[in-house]
Amino acid sequence: MFNNPRDAFAIAQAVLGMDFNVTEESDWRECAQLLAEQKDAVSPVYVMDEVFNLIESGEYAFATYYAGDYLLMLDNNPDLGYCFPKEGVNAFYDAMCIPTCSQNKKGAEAFINFMQEPQVAFENSEYIYYRSPNITVEQNEESSFYQSPVIYPGEIETQYFKNLPQSIIELENNLWTQVKSGKLSAENEAQNRKIYIECGILGGVALVVIIAKLISNAKKKKEQDLSDLYD
């Protein structure tokens, strides 16, 4: 399982039919609950680059990971396969970004322009095994990945990751920590116990009321029978 909250929560969001960029706290908590249930049910190993050794060696049989890295692993283990979940995935390609604190924005833009030159973009894609945002690379028949259904899958359900509000990022990170530590499951169990206790108390009170009512009715009936007898 992914060891980062953005990708892990996206899996839960896809299963629940949610947008990957929801901003309702209740939606994120619902996803966290699903991830906590997964942890309790199958005890997933949370990894990132460790997946290479685990999957290439055959130690583990299944992992969620990135398409380009699957191709890298395939070079070392040709028995590997892949699939895209029917619920959908995030749109994937490598991107270059310029930090807002950059001291040389023009230089960074020039470098990005250079990397988008058709031949440079082609050679970069051949090196990193990832999908290129440059359409000429996708259409280049000399590409090792020309018409590859792995990095150019065609018609599948996709969504884009967008920047989330800081409050949601903090909530996501907090919930992810709880999921991995098992605290969320513990909280749910405690909440369930509280509900069971409250239901038990309410049930007990209701039972007492019913019994008292039955006794009262029986007493009234007995008094009525005696009254009818003497009349």
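Among contacts in the protein between residues at least 6 apart in sequence, what percentage join residues at least 24 apart? The share is 54%, where contact means heavy atoms within 4.5 Å. The model is a predicted one, in which local features need pLDDT of at least 70 and side-chain atom pairs count only at pLDDT 80 or more, while totals for chains, interfaces and linings use all residues. Residues are numbered from 1 along each chain as its sequence is written, and side-chain values use heavy atoms, with hydrogens and water left out.

The protein has nine helices and two strands, taken as DSSP runs numbered from the N terminus (helices H or I, at least four residues; strands E, at least two). Along the sequence these elements follow the pattern α-α-α-α-β-α-α-α-β-α-α. Of the 231 residues, 29% count as buried, that is, under 20% relative accessible area, whereas exposed means over 50% and partly exposed lies in between (1.4 Å probe, protein chains only).

| Feature of α2 | Value |
|---|---|
| Residues of α2 | 25–42, 18 residues |
| Span of α2, first C-alpha to last | 26 Å |
| Expected span of α2 at 1.5 Å a residue | 26 Å |

The expected span is 1.5 Å times one less than the number of residues. Within α2, Trp28, Cys31, Ala32, Leu35 and Ala36 are buried. Because the buried residues of α2 fall within an arc of 145 degrees seen down its axis, they line one face of the helix, the arc being that of the directions from the helix axis to the C-beta atoms. The face turned away from this buried side carries the exposed residues Asp40 and Ala41.

Helix α1 (residues 5–15) packs against α2 at an angle of about 95 degrees, with the axes 9 Å apart, which makes the two helices roughly perpendicular, a term that covers angles of 65 to 115 degrees. The contact involves Arg6, Ala8, Phe9, Ala12, Gln13 and Val15 of α1, together with Trp28, Cys31, Ala32, Leu34 and Leu35 of α2. The residues of this contact divide into nine nonpolar, one polar and one charged.

Elsewhere, cysteine 97 is found in the loop between β1 (89–90) and α5 (105–115), and cysteine 97 counts as exposed because its relative accessibility is 69%. Cysteine 97 and glutamate 109 are 12 residues apart in sequence and 9.2 Å apart in space, C-alpha to C-alpha.

Methods
Axes are lines fitted to C-alpha atoms, for helices over the stretch in contact, and angles run from 0 to 180 degrees between N-to-C directions. Angles under 35 degrees count as roughly parallel, over 145 as roughly antiparallel, 65 to 115 as roughly perpendicular and the rest as oblique. Ala, Val, Leu, Ile, Met, Phe, Trp, Tyr, Cys and Pro count as nonpolar, Asp, Glu, Lys and Arg as charged, and the others, Gly among them, as polar.
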